[in-house]
Amino acid sequence: SEHVVRVLDVGNLRDGAPFIVMERLVGEDLATRLAARGPVPVAEAVALVLQACAAVASAHARGIIHRDLKPANLFVARGKDGTTALKVLDFGVARLREQGEQDEGSRTQALAMLGSIHYMAPEQMLNDPELDGRADIWSLGVILYELLTGALPFAGCTVAEVCSKVLLVPSVPLRELRPGLSAALAAVVDRCLRTDRDARFADVGALQAALRACPDV
């Protein structure tokens, strides 16, 4: 996908250390943009998430679940002609659907990364062995919520606090924080953030279609 960062080479240095050579990107990630400028204009936020959806759909078609989608891993790259394109970065904890789940030590280490726990789906927190692409849909919903409001739907200072909110406490309705949004767009984000994954969009394609149908776009 044009919206996934290109890997040009992989290998090992003479001392055995592994390396990855990726395309050089000029621009900024969405975490930097949010920190500097706050909430994003509605049409721009939706356009960015639609580009992320294109990348994620391409990965899902190959049986790859990203598992660590967050603003820091979404990079708005500027081309030489002045145009911009969003690139999804860092498939470092991605999982092929046929692979076994992480061992408990790896899972604990992953949960300890607070920069990621805020975007982690409930079933991923619970180490569900049947994890599928709907976990990435949850993360996309969190990202869109944050782009639109500047706030996280489930904020907390510890892993336990974030997990308990995700599992037990509904998020603040989107239109309370960003008045003027259409009910349709608020419903799309709300559906992404359903604790029951069966209540979310079945796949990224369905999410893309719903976003494109919103009058805010």
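Is Cys214 buried or exposed? Cys214 is buried, because its relative accessibility is 4%, below the 20% limit for that class. The legends below describe close-up views of a predicted model.

**Figure 1. Overall fold of the predicted protein.** Ten helices and seven strands make up the secondary structure of the protein. The chain has 217 residues, and 46% of them count as buried. Among contacts between residues at least 6 apart in sequence, 66% link residues at least 24 apart. The accessible surface of the protein is about 10,800 Å², and carbon and sulfur atoms account for 55% of this area.

Figure 2. A disulfide is a covalent bond between the sulfur atoms of two cysteines. With a cut-off of 2.5 Å between cysteine sulfur atoms, the number of disulfides in the model is zero.

**Figure 3. Nonpolar surface patch formed by Val7, Val10, Ile20 and Met22.** These four side chains make a patch of about 390 Å². Strand 1 (7–12) and strand 2 (18–22) are the elements that each contribute two or more residues to the patch.

How values were computed:
Residues are numbered from 1 along each chain as its sequence is written. This is a predicted model: local features need pLDDT of at least 70, side-chain atom pairs count only at pLDDT 80 or more; totals for chains, interfaces and linings use all residues. Side-chain values use heavy atoms; hydrogens and water are left out. Buried means under 20% relative accessible area, exposed over 50%, partly exposed in between (1.4 Å probe, protein chains only). Patches are made of residues with over 30% relative accessible area and no salt bridge: like charges are joined within 9 Å, nonpolar side chains (Val, Leu, Ile, Met, Phe, Trp, Tyr) within 5 Å. Accessible areas come from the Shrake-Rupley method with a 1.4 Å probe; for residues, only the protein chains shown count as cover. Helices (H or I, at least four residues) and strands (E, at least two) are DSSP runs, numbered from the N terminus. Contact means heavy atoms within 4.5 Å.
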